[in-house]
Amino acid sequence: MDDELLPIGEVAALFGMATSALRYWDECGLLPAAERRSGRRYYQAEDLHRIALIRTWQETGLMSLEEIGTVLTAGGDGQDWRTIVRGRVRAIDAQVERLGTARAYLEHLLECPNHDPAGDCPYLREATRRWTKADRGQSSSGSEAGTDSAGSRSGARR
């Protein structure tokens, strides 16, 4: 298949996407200009690899199309693609931490001996205390700096 050309419709079907998305990516410069036959776009194996990267990075929420374009061009437009990737890694780390906190709350809810955990659970009352402090002028980090709302040390997982 290395030398085989695939028409835009087959490529779109292969990746489960609309042909208009491929055309848009072509117009944005994410894809090299597709070979044309009788006005119809055809893609090579290397194009399929690039499309697969774009789909993977976009579907997983790793990067915006603009960021993907910068990485694909290896910074050819003057932007440092490593800066973009480092930023995305930091964002993923923050999301993982938030998900860990969410999981801890959900697991607590499942194991909480109170019949009405939202109203009667002392653990949840303490966890929400920073939101309900009478002195709203006080920083929410205060003496709780470095902990998340579940009371776990943030950043301990590095």
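1. Cysteines first. The sulfur of Cys-112 has its closest cysteine sulfur in Cys-121, 3.7 Å away, which is too far for a bond. No disulfides (a pair of cysteine sulfur atoms within 2.5 Å) turn up when the whole structure is searched. Cys-112 is buried at 11% relative accessibility, while Cys-28 is partly exposed at 42%. For the cut-offs, buried is under 20% relative accessible area, exposed is over 50%, and partly exposed is in between (1.4 Å probe, protein chains only).

2. Keep in mind that this is a predicted model: local features need pLDDT of at least 70, side-chain atom pairs count only at pLDDT 80 or more, and totals for chains, interfaces and linings use all residues. Residues are numbered from 1 along each chain as its sequence is written, and side-chain values use heavy atoms, with hydrogens and water left out.

3. On confidence: pLDDT (the predictor's confidence in each residue, from 0 to 100) averages 81 for the protein, and 79% of the residues score at least 70. Residues 139-158 fall below 50, though this stretch still has 25 contacts (heavy atoms within 4.5 Å) beyond near neighbours in sequence. Where pLDDT is low, the predicted coordinates should not be read in detail. Helices (H or I, at least four residues) and strands (E, at least two) are DSSP runs, numbered from the N terminus.

4. Now the sheet. It is open, with three strands in the order S1-S3-S2 and antiparallel pairing (at least two DSSP bridges between two strands). S1 (6-7) and S2 (35-37) are the edge strands with a single partner each, so one side of each has no neighbour in the sheet. S2 and S3 (residues 40-43) are joined by three bridges, and Arg-36 has Arg-41 as its bridge partner in S3.

5. Arg-41 deserves a look. This S3 residue is buried, with a relative accessible area of 11%. Its side chain makes a polar contact (N or O atoms within 3.5 Å, one able to donate a hydrogen and the other to accept it; residues adjacent in sequence count only if both atoms are side-chain atoms) with the side chain of Asp-26, at 2.7 Å. Leaving out residues up to four places away in sequence, Arg-41 touches residues including Leu-6, Pro-7 and Ile-8.

6. Finally, helix H3 (residues 45-59). Its buried residues are Asp-47, Leu-48, Ile-51, Ile-54, Arg-55 and Trp-57, and they pack against S1, H1, H2 (19-28), S3 and H4 (65-72). Just after H3, Gly-61 takes a positive phi of about 75°.
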